[in-house]
Amino acid sequence: MYVQYAERAWEDDGLSGWGLSLVEGFSEFWHPTWNQPGPRGILMSYLFGDMARTVAAMEAGAIVPDFIDRFDNLFPASGEVAEGGTHFAWEHQPWIGAAYTRYDPPFAERPELASPEGPIHFAGEHASADRGWMQGALHSGLRAAREIDATVTGERSRATVAISRRRLVRRFAGGLHAPEWLAP
């Protein structure tokens with residue numbers, strides 16, 4: 001959930017725009033534009049569990065106004081300078097269906113989560129040291145792509161050798177001096 005403001009009213013009160021809220025469930029809120037010049041700012045909220053599902057089930061047009069009110073309760077007078085916002089629910093993505101995995105122990109103690117199983121390679125934030133973050137999904141995707149490329153490149157090299165050997169066998173077939181290693 002993101003809301004853009006014409007000015008950063010929370011900074012007038014000496015607040016950073018970062019924190020946790022336990023009102024109606026657990027959520028984090030951040031000020032991702034803290035280091036950008038100009039008066040405008042964005043407050044972002046990342047929701048978890050039941051609260052995330054509740055908000056994702058709301059009518060799309062009600063979510064931004066609801067969060068403008070929520071942020072106004074945390075940062076009084078911010079609602080007066082709210083310009084608009086947007087939202088994104090991972091569970092509504094057809095190929096994802098959720099935000100991130102949660103498991104213990106940490107990945108460093110479970111590297112088998114990223115180990116190939118035969119020809120199948122695994123990627124996603126759950127198969128990285130950066131679980132819960134998009135960069136974890138990207139890093140593991142690159143790792144899996146490199147593993148697949150190495151496998152395919154290796155197989156292509158072996159296939160090239162096999163093809164070359166077959167060509168040599170055909171060329172020398174019937175010849176008296178063909179080396180034994182070329183024999184079919």
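# Close-up views of a predicted model

**Figure 1. Salt bridges in the predicted model.** The structure holds five salt bridges, and because the model is a predicted one, every value in these legends is computed from its atoms. Side chains of opposite charge can pair when their charged atoms come close. The protein as a whole has four helices and five strands, and from the N terminus on these elements follow one another in the order β-α-β-β-β-α-α-β-α.

**Figure 2. A salt bridge between R8 and E11.** In this view the side chains of R8 and E11 meet, with a distance of 4.0 Å from N to O. R8 counts as buried, since its relative accessibility is 10% and buried means under 20%.

**Figure 3. A salt bridge between R40 and E83.** Here the side chains of R40 and E83 meet at 2.9 Å, taken from N to O. R40 belongs to the loop between β3 and β4 (41-47), whereas E83 belongs to strand β5 (residues 82-86), so the pair ties together parts of the protein that are 43 residues apart in sequence. R40 is partly exposed, with a relative accessible area of 45%, and E83 likewise counts as partly exposed, at 39% relative accessibility.

Figure 4. R53 forms a salt bridge with D50, and the closest N and O atoms of the two residues are 2.9 Å apart. Both residues lie in helix α2 (residues 49-56), where they are three residues apart and so are separated by about one helical turn. With 45% relative accessibility, R53 counts as partly exposed, while D50, at 57%, counts as exposed, because the exposed class begins over 50%.

**Figure 5. The second largest pocket and its lining.** Rolling a probe the size of a water molecule over the atoms shows where empty space is left. The second largest pocket has a volume of about 180 Å³, and 14 residues line it, of which S21, V23, R70, F71 and L74 lie nearest its centre. The elements that give two or more residues to this lining are β3 (27-30) and α3 (60-74), and α3 gives the most, with seven residues. When the lining residues of this pocket are sorted by kind, six are nonpolar, four are polar and four are charged.

**Figure 6. A nonpolar patch on the surface.** L20, L22 and F26 together make a nonpolar surface patch of about 330 Å². One of these residues, L22, is found in the loop between β2 (19-21) and β3. L22 is exposed, because its relative accessible area is 69% and the exposed class begins over 50%.

**Figure 7. The backbone at A77.** The phi angle of A77 is near 80°, which is a positive value in a residue other than glycine. A77 is placed in the loop between α3 and β5, and it is partly exposed, with a relative accessible area of 35%.

Conventions
Residues numbered from 1 in each chain as written. Predicted model: local features only at pLDDT ≥ 70, side-chain atom pairs only at ≥ 80, totals over all residues. Heavy atoms only, no water. 1 Å grid on protein atoms, 1.4 Å probe; cavity = no way out; pocket = protein on both sides within 12 Å on 5 of 7 lines; lining within 4 Å. Points joined across faces, edges and corners; volume = space filled by probe spheres on them. Nonpolar A, V, L, I, M, F, W, Y, C, P; charged D, E, K, R; others polar. Patch = residues over 30% accessible without salt bridge, like charges linked within 9 Å, V, L, I, M, F, W, Y side chains within 5 Å. Areas by Shrake-Rupley, 256 points an atom, 1.4 Å probe, with all protein chains shown as cover. Buried < 20%, exposed > 50% of the residue type's maximum accessible area, 1.4 Å probe, protein only.
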